[in-house]
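Hi everyone, thanks for coming. Let's have a look at this one together.

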Amino acid sequence: MRRVQPHADFVSLADYLADPSNHRPRSSGDAAAAARTRDGADQDVGTGDDEAPSVFDDVTGAVRVMSSRCSTCIGRAGNAAGLTDRRREALLGRRADGTYDEGHTVCHSTLPGNAYGLPPSVCAWIAEHPQPAPRSHAMRMAASSGIQYVDPPADGPPKAPAPRAAG
């Protein structure tokens, strides 16, 4: 049996992980059309690649993935964000022809500046979905470099501490 030899431009796993451009989640695609809630209001949708946080652990190379869906996960039926089916399909990476891209979606609870102090991680909805997960570069990298599971926040956003009584 003949083995296929990599081309001269083959990139090693270490070099792939070292390139920040390979750490980006999928783009928002048709953001203007897909960014409408069920009531027609526009959603704030970032489209720039420079806004995308990395889900790769810089030290170990492992991919951070949510261990389960958040209570407010966009993948849940009747999602709290009120995303349209079209927007949810865009976040899954579904193309107009029904195929899926090779991206991933970062869990909304782990976006930069989140109140929980969680590192950016692949959304559990994406990681467990039978169509986009096997096609996602991040999830394929996780299969070879390892997964670092991140637990979702317990119940919704953190509550402000109660005011202290004087005296």
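A quick word on the ground rules. This is a predicted model, so local features need pLDDT of at least 70, side-chain atom pairs count only at pLDDT 80 or more, and totals for chains, interfaces and linings use all residues. Residues are numbered from 1 along each chain as its sequence is written, and side-chain values use heavy atoms, with hydrogens and water left out.

So, how many salt bridges are there? Taking a salt bridge as a side-chain nitrogen of Lys or Arg within 4 Å of a carboxyl oxygen of Asp or Glu, the count is 3.

Start with Arg69 and Glu128, where the closest N and O atoms are 2.6 Å apart. Arg69 sits in the loop between β1 (63-66) and α3 (85-92), while Glu128 is in helix α4 (residues 124-128), so this pair ties together parts 59 residues apart in sequence. Those helices (H or I, at least four residues) and strands (E, at least two) are DSSP runs, numbered from the N terminus.

Next up, Glu102 and Arg140 form a salt bridge at 3.4 Å between the closest N and O atoms. Here Glu102 is in the loop between α3 and α4 and Arg140 is in helix α6 (residues 137-145), so the pair links parts 38 residues apart in sequence.

Finally, Arg94 meets Glu89 in a salt bridge, 3.8 Å from N to O. Arg94 is partly exposed at 39%, and so is Glu89 at 35%.

Note on methods:
Buried means under 20% relative accessible area, exposed over 50%, partly exposed in between (1.4 Å probe, protein chains only).
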